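This report sets out the architecture of a predicted model. Please keep the sequence and the structure in view while reading.

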Amino acid sequence: MRLDNVAKRYGFTLPWVIHDVTLEIPAGLLVRFEGKNGSGKSTLLRVIAGVSEPSRGSVTGRPVTGYVPERFPPALPFRARDYLSHIGRIHGLTGRRLASAIDACLDRLSGRELAGVPLRNMSKGMSQKVAVAQALLPGGGLLVLDEAWTGLDVEAKAALDEAVAERLADGGSVVFVDHEPGRLGHLEAERWRLDAAHASRVRSDDSAAGETRGSEQRPGPEDTQ
Amino acid sequence: MALVWYELSLLLRSHRWIGPAVLFVLGVFGLGGATLRHGAGLSPGLAWSALVLVPVEAWLTRSMLTAEPAASRACVAAAGGPRRTQLAALIAPAVVGAAFGLVGIVWQVFRLGVPRAAGTNAIRVGELFADLGGGLAAGLVCLLVGSAVAVLLNPPVIKRSATAVLGTTGAVVLALAWNGSPANAAVRSIGYAGQERTWPAGVAMAAALGLVAVAWTISIQIAARRDG
(Lines give C-alpha, C1' and ligand atoms only; values in the text may rest on other atoms or scores of the structure.)
Protein backbone atom coordinates (compact mmCIF):
# COMPACT_ATOMS: atom_id res chain seq x y z
CA MET A 1 0.00 0.00 0.00
CA ARG A 2 1.10 3.59 -0.32
CA LEU A 3 0.40 7.05 1.03
CA ASP A 4 0.70 9.97 -1.36
CA ASN A 5 1.07 13.50 0.00
CA VAL A 6 -1.15 12.62 2.93
CA ALA A 7 -2.07 15.50 5.21
CA LYS A 8 -4.45 15.57 8.10
CA ARG A 9 -6.01 18.20 10.32
CA TYR A 10 -9.09 18.01 12.47
CA GLY A 11 -10.69 21.29 11.42
CA PHE A 12 -10.29 24.01 8.83
CA THR A 13 -8.87 26.44 11.35
CA LEU A 14 -6.62 23.95 13.12
CA PRO A 15 -2.96 23.32 12.31
CA TRP A 16 -1.87 20.32 10.27
CA VAL A 17 -1.20 17.31 12.48
CA ILE A 18 0.62 15.56 9.66
CA HIS A 19 1.64 17.17 6.41
CA ASP A 20 2.71 15.82 3.05
CA VAL A 21 3.58 12.31 4.05
CA THR A 22 4.49 10.04 1.15
CA LEU A 23 5.56 6.53 1.88
CA GLU A 24 5.18 3.03 0.58
CA ILE A 25 4.56 0.02 2.76
CA PRO A 26 5.25 -3.06 0.65
CA ALA A 27 4.37 -6.58 1.79
CA GLY A 28 6.75 -7.97 4.39
CA LEU A 29 7.89 -4.56 5.65
CA LEU A 30 8.08 -3.51 9.30
CA VAL A 31 7.79 0.26 9.81
CA ARG A 32 8.45 2.11 13.03
CA PHE A 33 7.36 5.70 13.60
CA GLU A 34 9.16 7.82 16.14
CA GLY A 35 8.59 11.31 17.41
CA LYS A 36 7.74 13.39 20.42
CA ASN A 37 4.37 13.34 22.12
CA GLY A 38 1.88 15.12 19.91
CA SER A 39 4.03 14.80 16.81
CA GLY A 40 1.19 13.11 14.97
CA LYS A 41 2.23 9.46 15.32
CA SER A 42 -1.19 8.24 16.43
CA THR A 43 -2.92 10.30 13.75
CA LEU A 44 -0.68 8.88 11.04
CA LEU A 45 -1.32 5.34 12.31
CA ARG A 46 -5.07 6.00 12.22
CA VAL A 47 -4.79 7.16 8.61
CA ILE A 48 -2.65 4.14 7.67
CA ALA A 49 -5.11 1.80 9.41
CA GLY A 50 -8.01 3.38 7.51
CA VAL A 51 -9.77 4.44 10.71
CA SER A 52 -9.68 8.04 9.60
CA GLU A 53 -9.47 9.45 6.09
CA PRO A 54 -6.78 12.01 5.25
CA SER A 55 -7.81 15.64 4.74
CA ARG A 56 -5.60 15.72 1.63
CA GLY A 57 -3.71 13.17 -0.36
CA SER A 58 -4.54 9.55 -0.91
CA VAL A 59 -4.06 6.14 0.65
CA THR A 60 -4.17 3.30 -1.85
CA GLY A 61 -3.86 -0.45 -1.82
CA ARG A 62 -4.56 -1.03 1.85
CA PRO A 63 -4.87 -4.75 2.55
CA VAL A 64 -7.03 -6.32 5.29
CA THR A 65 -6.19 -4.35 8.40
CA GLY A 66 -6.06 -5.01 12.13
CA TYR A 67 -5.60 -2.00 14.40
CA VAL A 68 -4.68 -1.84 18.07
CA PRO A 69 -5.50 1.61 19.49
CA GLU A 70 -3.53 3.41 22.15
CA ARG A 71 -6.16 2.77 24.81
CA PHE A 72 -8.74 0.07 24.36
CA PRO A 73 -11.88 0.79 26.37
CA PRO A 74 -13.35 -1.96 28.47
CA ALA A 75 -16.72 -0.15 28.47
CA LEU A 76 -18.40 -2.38 25.90
CA PRO A 77 -21.40 -4.55 26.76
CA PHE A 78 -19.90 -7.77 25.38
CA ARG A 79 -18.03 -10.79 26.64
CA ALA A 80 -14.60 -11.13 25.01
CA ARG A 81 -15.67 -13.99 22.74
CA ASP A 82 -18.80 -12.17 21.54
CA TYR A 83 -16.79 -9.07 20.81
CA LEU A 84 -14.15 -11.03 18.89
CA SER A 85 -16.92 -12.85 16.97
CA HIS A 86 -18.34 -9.51 15.87
CA ILE A 87 -14.96 -8.24 14.68
CA GLY A 88 -14.25 -11.56 12.95
CA ARG A 89 -17.56 -11.45 11.10
CA ILE A 90 -16.84 -7.89 9.98
CA HIS A 91 -13.60 -9.31 8.52
CA GLY A 92 -15.72 -11.90 6.73
CA LEU A 93 -14.95 -14.91 8.93
CA THR A 94 -17.80 -17.27 9.73
CA GLY A 95 -18.56 -20.61 11.36
CA ARG A 96 -15.68 -22.88 12.23
CA ARG A 97 -13.04 -20.61 10.69
CA LEU A 98 -14.21 -17.81 12.96
CA ALA A 99 -14.22 -20.00 16.07
CA SER A 100 -10.77 -21.39 15.41
CA ALA A 101 -9.34 -17.94 14.61
CA ILE A 102 -10.64 -16.63 17.94
CA ASP A 103 -9.24 -19.61 19.85
CA ALA A 104 -5.88 -19.27 18.11
CA CYS A 105 -5.61 -15.53 18.90
CA LEU A 106 -6.60 -15.97 22.54
CA ASP A 107 -4.33 -19.00 22.99
CA ARG A 108 -1.40 -17.14 21.51
CA LEU A 109 -1.76 -14.45 24.21
CA SER A 110 -2.52 -17.09 26.90
CA GLY A 111 -5.93 -15.47 27.18
CA ARG A 112 -8.22 -18.45 26.63
CA GLU A 113 -9.82 -17.95 30.04
CA LEU A 114 -10.79 -14.39 29.01
CA ALA A 115 -13.31 -15.67 26.45
CA GLY A 116 -16.25 -15.66 28.84
CA VAL A 117 -15.29 -12.53 30.78
CA PRO A 118 -17.38 -9.40 30.16
CA LEU A 119 -15.19 -6.59 28.80
CA ARG A 120 -16.59 -4.29 31.51
CA ASN A 121 -15.01 -6.42 34.23
CA MET A 122 -11.56 -6.50 32.67
CA SER A 123 -8.38 -4.95 33.97
CA LYS A 124 -6.22 -2.82 31.67
CA GLY A 125 -3.99 -5.79 30.86
CA MET A 126 -6.87 -8.14 30.14
CA SER A 127 -8.65 -5.74 27.82
CA GLN A 128 -5.35 -5.02 26.06
CA LYS A 129 -5.13 -8.73 25.26
CA VAL A 130 -8.58 -8.52 23.70
CA ALA A 131 -7.49 -5.44 21.75
CA VAL A 132 -4.48 -7.32 20.36
CA ALA A 133 -6.54 -10.46 19.69
CA GLN A 134 -9.11 -8.55 17.60
CA ALA A 135 -6.32 -7.05 15.49
CA LEU A 136 -4.70 -10.46 14.90
CA LEU A 137 -8.01 -12.08 13.88
CA PRO A 138 -7.81 -11.61 10.10
CA GLY A 139 -4.53 -13.55 10.16
CA GLY A 140 -2.87 -11.63 7.31
CA GLY A 141 -2.51 -8.23 5.72
CA LEU A 142 -1.59 -5.09 7.60
CA LEU A 143 -1.18 -4.83 11.36
CA VAL A 144 -1.13 -1.35 12.91
CA LEU A 145 0.05 -1.20 16.52
CA ASP A 146 -0.23 2.02 18.54
CA GLU A 147 1.73 1.22 21.72
CA ALA A 148 0.02 -2.15 21.71
CA TRP A 149 2.48 -3.62 24.20
CA THR A 150 1.49 -1.25 27.01
CA GLY A 151 -0.26 -3.11 29.80
CA LEU A 152 0.47 -6.61 28.50
CA ASP A 153 2.25 -9.09 30.76
CA VAL A 154 5.73 -10.37 29.84
CA GLU A 155 4.49 -13.51 28.08
CA ALA A 156 1.87 -11.63 26.09
CA LYS A 157 4.46 -9.03 25.05
CA ALA A 158 6.71 -11.82 23.78
CA ALA A 159 3.74 -13.44 22.04
CA LEU A 160 2.95 -10.19 20.26
CA ASP A 161 6.61 -9.86 19.14
CA GLU A 162 6.33 -13.37 17.76
CA ALA A 163 3.03 -12.60 16.02
CA VAL A 164 4.66 -9.58 14.34
CA ALA A 165 7.60 -11.67 13.12
CA GLU A 166 5.19 -14.30 11.80
CA ARG A 167 3.05 -11.72 10.04
CA LEU A 168 6.12 -10.32 8.27
CA ALA A 169 7.32 -13.79 7.30
CA ASP A 170 3.86 -14.53 5.87
CA GLY A 171 4.12 -11.50 3.60
CA GLY A 172 2.02 -9.17 5.74
CA SER A 173 3.21 -5.75 6.88
CA VAL A 174 3.35 -4.20 10.33
CA VAL A 175 3.41 -0.53 11.28
CA PHE A 176 4.01 0.46 14.87
CA VAL A 177 4.70 3.12 17.45
CA ASP A 178 6.09 2.36 20.87
CA HIS A 179 7.67 4.42 23.62
CA GLU A 180 10.18 1.59 24.26
CA PRO A 181 13.15 2.34 21.95
CA GLY A 182 14.25 -1.30 21.79
CA ARG A 183 10.84 -2.67 20.84
CA LEU A 184 11.12 -5.25 18.04
CA GLY A 185 14.81 -4.29 17.82
CA HIS A 186 15.64 -7.82 16.74
CA LEU A 187 13.66 -7.36 13.53
CA GLU A 188 14.72 -5.30 10.56
CA ALA A 189 12.58 -2.19 10.43
CA GLU A 190 12.28 0.93 8.33
CA ARG A 191 12.31 3.85 10.75
CA TRP A 192 10.54 7.12 10.20
CA ARG A 193 10.66 10.21 12.34
CA LEU A 194 7.76 12.63 12.68
CA ASP A 195 8.71 16.20 13.36
CA ALA A 196 6.67 19.37 12.93
CA ALA A 197 4.00 17.34 11.10
CA HIS A 198 6.53 16.11 8.51
CA ALA A 199 7.77 12.56 8.25
CA SER A 200 11.32 11.75 7.33
CA ARG A 201 13.05 8.46 7.00
CA VAL A 202 15.79 7.55 9.47
CA ARG A 203 18.57 5.62 7.78
CA SER A 204 19.82 2.55 9.60
CA ASP A 205 23.37 3.93 9.90
CA ASP A 206 22.09 7.16 11.41
CA SER A 207 20.34 6.44 14.66
CA ALA A 208 20.09 10.13 15.59
CA ALA A 209 17.59 12.40 13.85
CA GLY A 210 17.05 11.82 10.16
CA GLU A 211 17.38 14.71 7.82
CA THR A 212 14.05 16.36 7.14
CA ARG A 213 13.24 16.63 3.53
CA GLY A 214 10.34 16.69 1.19
CA SER A 215 9.19 13.23 0.37
CA GLU A 216 9.48 13.95 -3.36
CA GLN A 217 13.25 14.09 -3.11
CA ARG A 218 13.48 11.15 -0.80
CA PRO A 219 15.90 8.67 -2.35
CA GLY A 220 14.69 5.21 -1.53
CA PRO A 221 14.66 1.78 -3.02
CA GLU A 222 11.15 2.28 -4.39
CA ASP A 223 12.15 5.47 -6.25
CA THR A 224 14.71 3.63 -8.33
CA GLN A 225 12.22 1.07 -9.57
CA MET B 1 -24.62 -6.98 7.46
CA ALA B 2 -21.99 -7.96 10.02
CA LEU B 3 -21.51 -4.28 10.81
CA VAL B 4 -25.24 -3.66 11.30
CA TRP B 5 -25.47 -6.75 13.46
CA TYR B 6 -22.55 -5.49 15.58
CA GLU B 7 -24.07 -2.03 16.04
CA LEU B 8 -27.48 -3.54 16.76
CA SER B 9 -25.98 -5.84 19.41
CA LEU B 10 -24.17 -2.89 20.92
CA LEU B 11 -27.40 -0.90 21.13
CA LEU B 12 -29.49 -3.75 22.53
CA ARG B 13 -26.89 -5.02 25.00
CA SER B 14 -26.08 -1.58 26.31
CA HIS B 15 -29.71 -1.34 27.50
CA ARG B 16 -29.84 2.11 25.94
CA TRP B 17 -32.96 1.10 24.03
CA ILE B 18 -34.96 0.81 27.27
CA GLY B 19 -35.55 4.56 27.68
CA PRO B 20 -36.97 4.96 24.18
CA ALA B 21 -38.98 1.75 24.62
CA VAL B 22 -40.57 3.09 27.82
CA LEU B 23 -41.35 6.35 26.04
CA PHE B 24 -42.96 4.41 23.19
CA VAL B 25 -45.03 2.26 25.55
CA LEU B 26 -46.17 5.30 27.55
CA GLY B 27 -46.91 7.23 24.38
CA VAL B 28 -48.79 4.56 22.46
CA PHE B 29 -50.33 2.42 25.16
CA GLY B 30 -50.77 5.08 27.84
CA LEU B 31 -51.39 8.50 26.38
CA GLY B 32 -52.70 7.12 23.11
CA GLY B 33 -55.30 5.11 24.97
CA ALA B 34 -56.48 8.14 26.86
CA THR B 35 -56.87 10.45 23.90
CA LEU B 36 -58.50 8.16 21.35
CA ARG B 37 -62.06 6.98 21.47
CA HIS B 38 -63.40 3.76 20.10
CA GLY B 39 -65.44 4.11 16.98
CA ALA B 40 -63.29 6.89 15.55
CA GLY B 41 -61.73 4.42 13.13
CA LEU B 42 -58.29 2.93 12.81
CA SER B 43 -56.50 5.84 11.15
CA PRO B 44 -56.31 8.20 14.14
CA GLY B 45 -54.75 5.41 16.19
CA LEU B 46 -52.17 4.67 13.51
CA ALA B 47 -51.45 8.38 13.19
CA TRP B 48 -50.84 8.63 16.91
CA SER B 49 -48.47 5.62 16.86
CA ALA B 50 -46.55 7.19 13.99
CA LEU B 51 -46.26 10.51 15.81
CA VAL B 52 -44.79 8.86 18.91
CA LEU B 53 -42.07 7.36 16.70
CA VAL B 54 -40.46 10.78 16.15
CA PRO B 55 -39.10 11.27 19.70
CA VAL B 56 -38.56 7.52 20.15
CA GLU B 57 -36.43 7.23 17.01
CA ALA B 58 -34.53 10.42 17.86
CA TRP B 59 -33.71 9.04 21.30
CA LEU B 60 -32.70 5.62 19.89
CA THR B 61 -30.44 7.31 17.36
CA ARG B 62 -28.79 9.48 20.00
CA SER B 63 -28.31 6.38 22.18
CA MET B 64 -26.57 4.58 19.34
CA LEU B 65 -24.40 7.54 18.37
CA THR B 66 -23.11 7.91 21.92
CA ALA B 67 -22.85 4.19 22.74
CA GLU B 68 -19.48 3.39 21.28
CA PRO B 69 -16.18 4.53 22.83
CA ALA B 70 -13.90 6.11 20.22
CA ALA B 71 -11.15 3.51 20.50
CA SER B 72 -13.44 0.54 19.90
CA ARG B 73 -15.03 2.40 17.01
CA ALA B 74 -11.51 2.74 15.60
CA CYS B 75 -10.97 -1.04 15.75
CA VAL B 76 -14.28 -1.66 13.99
CA ALA B 77 -13.57 1.06 11.41
CA ALA B 78 -10.18 -0.51 10.63
CA ALA B 79 -11.99 -3.79 9.93
CA GLY B 80 -15.04 -2.49 8.10
CA GLY B 81 -14.16 1.02 6.93
CA PRO B 82 -15.20 4.21 8.74
CA ARG B 83 -18.01 5.12 6.33
CA ARG B 84 -19.68 1.72 6.30
CA THR B 85 -19.33 1.51 10.08
CA GLN B 86 -21.08 4.85 10.55
CA LEU B 87 -23.80 3.85 8.08
CA ALA B 88 -24.37 0.69 10.13
CA ALA B 89 -24.63 2.80 13.29
CA LEU B 90 -27.36 4.86 11.58
CA ILE B 91 -29.23 1.83 10.25
CA ALA B 92 -29.30 -0.06 13.57
CA PRO B 93 -31.53 2.40 15.50
CA ALA B 94 -33.80 2.67 12.44
CA VAL B 95 -34.26 -1.11 12.55
CA VAL B 96 -35.21 -0.96 16.24
CA GLY B 97 -37.52 2.00 15.59
CA ALA B 98 -39.19 0.13 12.72
CA ALA B 99 -39.82 -2.81 15.06
CA PHE B 100 -41.44 -0.44 17.55
CA GLY B 101 -43.53 1.05 14.75
CA LEU B 102 -44.84 -2.37 13.71
CA VAL B 103 -45.71 -3.19 17.31
CA GLY B 104 -47.63 0.09 17.44
CA ILE B 105 -49.60 -0.76 14.30
CA VAL B 106 -50.48 -4.24 15.57
CA TRP B 107 -51.57 -2.77 18.88
CA GLN B 108 -53.82 -0.17 17.25
CA VAL B 109 -55.48 -2.80 15.04
CA PHE B 110 -56.00 -4.99 18.10
CA ARG B 111 -57.41 -2.13 20.16
CA LEU B 112 -59.46 -0.18 17.65
CA GLY B 113 -60.53 -3.12 15.52
CA VAL B 114 -60.71 -3.39 11.77
CA PRO B 115 -63.23 -1.44 9.70
CA ARG B 116 -66.44 -3.44 9.29
CA ALA B 117 -69.51 -2.91 7.17
CA ALA B 118 -72.52 -1.66 9.07
CA GLY B 119 -75.07 -4.42 9.61
CA THR B 120 -73.30 -7.40 8.03
CA ASN B 121 -70.19 -7.03 10.19
CA ALA B 122 -68.02 -8.09 7.24
CA ILE B 123 -64.47 -6.74 7.23
CA ARG B 124 -64.04 -3.97 4.70
CA VAL B 125 -60.76 -5.23 3.31
CA GLY B 126 -60.15 -2.33 0.95
CA GLU B 127 -60.56 0.21 3.69
CA LEU B 128 -58.40 -1.83 6.06
CA PHE B 129 -55.53 -1.96 3.58
CA ALA B 130 -55.89 1.74 2.87
CA ASP B 131 -55.73 2.49 6.59
CA LEU B 132 -52.75 0.19 7.13
CA GLY B 133 -50.92 1.54 4.10
CA GLY B 134 -51.46 5.10 5.29
CA GLY B 135 -50.33 4.14 8.80
CA LEU B 136 -47.18 2.44 7.51
CA ALA B 137 -46.30 5.40 5.32
CA ALA B 138 -46.88 7.91 8.12
CA GLY B 139 -44.84 5.72 10.49
CA LEU B 140 -41.98 5.57 8.01
CA VAL B 141 -42.00 9.35 7.53
CA CYS B 142 -41.93 9.87 11.30
CA LEU B 143 -39.12 7.32 11.70
CA LEU B 144 -37.04 9.05 9.04
CA VAL B 145 -37.66 12.50 10.48
CA GLY B 146 -36.76 11.30 14.00
CA SER B 147 -33.56 9.79 12.65
CA ALA B 148 -32.59 12.81 10.56
CA VAL B 149 -33.15 15.24 13.42
CA ALA B 150 -31.07 13.18 15.87
CA VAL B 151 -28.29 12.50 13.36
CA LEU B 152 -27.91 16.22 12.59
CA LEU B 153 -27.82 17.24 16.26
CA ASN B 154 -25.72 14.52 17.88
CA PRO B 155 -22.14 13.22 17.62
CA PRO B 156 -20.15 13.33 15.47
CA VAL B 157 -21.97 16.39 14.04
CA ILE B 158 -22.65 18.10 17.39
CA LYS B 159 -20.29 16.84 20.06
CA ARG B 160 -21.27 18.82 23.18
CA SER B 161 -23.87 16.85 25.16
CA ALA B 162 -25.78 19.87 26.41
CA THR B 163 -26.16 21.35 22.93
CA ALA B 164 -27.00 17.96 21.47
CA VAL B 165 -29.69 17.08 24.00
CA LEU B 166 -31.34 20.51 24.00
CA GLY B 167 -31.11 20.78 20.23
CA THR B 168 -32.55 17.32 19.65
CA THR B 169 -35.41 17.93 22.08
CA GLY B 170 -36.22 21.26 20.47
CA ALA B 171 -36.04 19.84 16.97
CA VAL B 172 -38.30 16.92 17.91
CA VAL B 173 -40.91 19.31 19.31
CA LEU B 174 -40.65 21.36 16.12
CA ALA B 175 -40.94 18.23 13.95
CA LEU B 176 -44.12 17.26 15.79
CA ALA B 177 -45.80 20.62 16.10
CA TRP B 178 -44.76 22.78 13.13
CA ASN B 179 -47.17 22.25 10.29
CA GLY B 180 -44.34 22.53 7.73
CA SER B 181 -42.68 19.42 9.12
CA PRO B 182 -42.99 16.24 7.02
CA ALA B 183 -43.82 14.21 10.14
CA ASN B 184 -46.62 16.58 11.07
CA ALA B 185 -47.91 16.58 7.48
CA ALA B 186 -47.78 12.79 7.16
CA VAL B 187 -49.73 12.32 10.35
CA ARG B 188 -52.34 14.90 9.35
CA SER B 189 -52.71 13.37 5.94
CA ILE B 190 -54.13 10.19 7.45
CA GLY B 191 -56.60 12.19 9.43
CA TYR B 192 -55.26 12.59 12.90
CA ALA B 193 -57.40 15.05 14.89
CA GLY B 194 -59.42 15.63 11.75
CA GLN B 195 -57.44 18.68 10.72
CA GLU B 196 -57.06 19.98 7.21
CA ARG B 197 -54.33 18.46 5.10
CA THR B 198 -51.13 20.36 4.63
CA TRP B 199 -48.98 18.41 2.20
CA PRO B 200 -49.96 15.32 0.24
CA ALA B 201 -48.53 12.14 1.81
CA GLY B 202 -46.16 11.62 -1.13
CA VAL B 203 -44.56 15.02 -0.65
CA ALA B 204 -44.06 14.36 3.06
CA MET B 205 -42.39 11.03 2.23
CA ALA B 206 -40.10 12.62 -0.35
CA ALA B 207 -39.18 15.40 2.09
CA ALA B 208 -38.43 12.88 4.85
CA LEU B 209 -36.27 10.76 2.52
CA GLY B 210 -34.40 13.86 1.37
CA LEU B 211 -33.83 14.99 4.94
CA VAL B 212 -32.47 11.59 5.97
CA ALA B 213 -30.21 11.39 2.93
CA VAL B 214 -28.69 14.78 3.76
CA ALA B 215 -28.37 14.07 7.51
CA TRP B 216 -26.83 10.63 7.04
CA THR B 217 -24.40 11.88 4.40
CA ILE B 218 -23.17 14.68 6.67
CA SER B 219 -22.78 12.31 9.61
CA ILE B 220 -20.87 9.72 7.56
CA GLN B 221 -18.65 12.39 6.05
CA ILE B 222 -17.70 13.74 9.48
CA ALA B 223 -17.30 10.28 11.00
CA ALA B 224 -14.79 9.31 8.34
CA ARG B 225 -12.64 12.33 9.13
CA ARG B 226 -13.02 12.81 12.86
CA ASP B 227 -10.29 12.59 15.45
CA GLY B 228 -11.34 10.53 18.40
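## Overall dimensions of chain A

The radius of gyration used here is taken over C-alpha atoms, and the globule rule is 2.2 Å times the number of residues to the power 0.38. Chain A has 225 residues, for which a compact globule would have a radius of gyration near 17 Å; the value for chain A is 18 Å, which agrees. Along the principal axes, the C-alpha atoms of chain A fill a box of roughly 50 × 40 × 30 Å.

## Basis of the model

The model is predicted: local features need pLDDT of at least 70, side-chain atom pairs count only at pLDDT 80 or more, and totals for chains, interfaces and linings use all residues. Residues are numbered from 1 along each chain as its sequence is written, while chains are lettered from A and ligands numbered from 1 in the order in which they are written.

Chain A contains 5 helices and 9 strands. Helices (H or I, at least four residues) and strands (E, at least two) are DSSP runs, numbered from the N terminus. In that direction, the order of elements in chain A is β-β-β-α-β-β-α-α-α-β-α-β-β-β.

Of the 225 residues of chain A, 44% are buried, meaning that 20 or more other C-beta atoms, placed from the backbone, lie within 10 Å of the residue's own. Among contacts (C-beta atoms, placed from the backbone, within 7 Å) in chain A with a separation of 6 or more, 66% join residues 24 or more positions apart.

## A helix pair in chain A

Helix α2 (residues 80-90) and helix α4 (residues 124-136) of chain A pack at about 25 degrees, with their axes 9 Å apart. The axes are lines fitted to C-alpha atoms over the stretch in contact, and angles run from 0 to 180 degrees between N-to-C directions. α2(A) is therefore roughly parallel to α4(A), a term for angles under 35 degrees.

From α2(A), the contact involves A:Ala80, A:Tyr83, A:Leu84 and A:Ile87; from α4(A), it involves A:Val130, A:Ala133 and A:Gln134.

## The interface between the chains

At the interface, 25 residues of chain A are in contact with 23 residues of chain B. On the chain B side, α1 (2-13), α4 (70-80) and α9 (201-225) each give two or more residues. The most come from α4(B), with 9 residues.

Definitions and conventions. Buried ≥ 20, exposed ≤ 12 C-beta atoms within 10 Å, placed from the backbone. Contact = placed C-beta atoms within 7 Å. Parallel < 35°, antiparallel > 145°, perpendicular 65-115°, else oblique.
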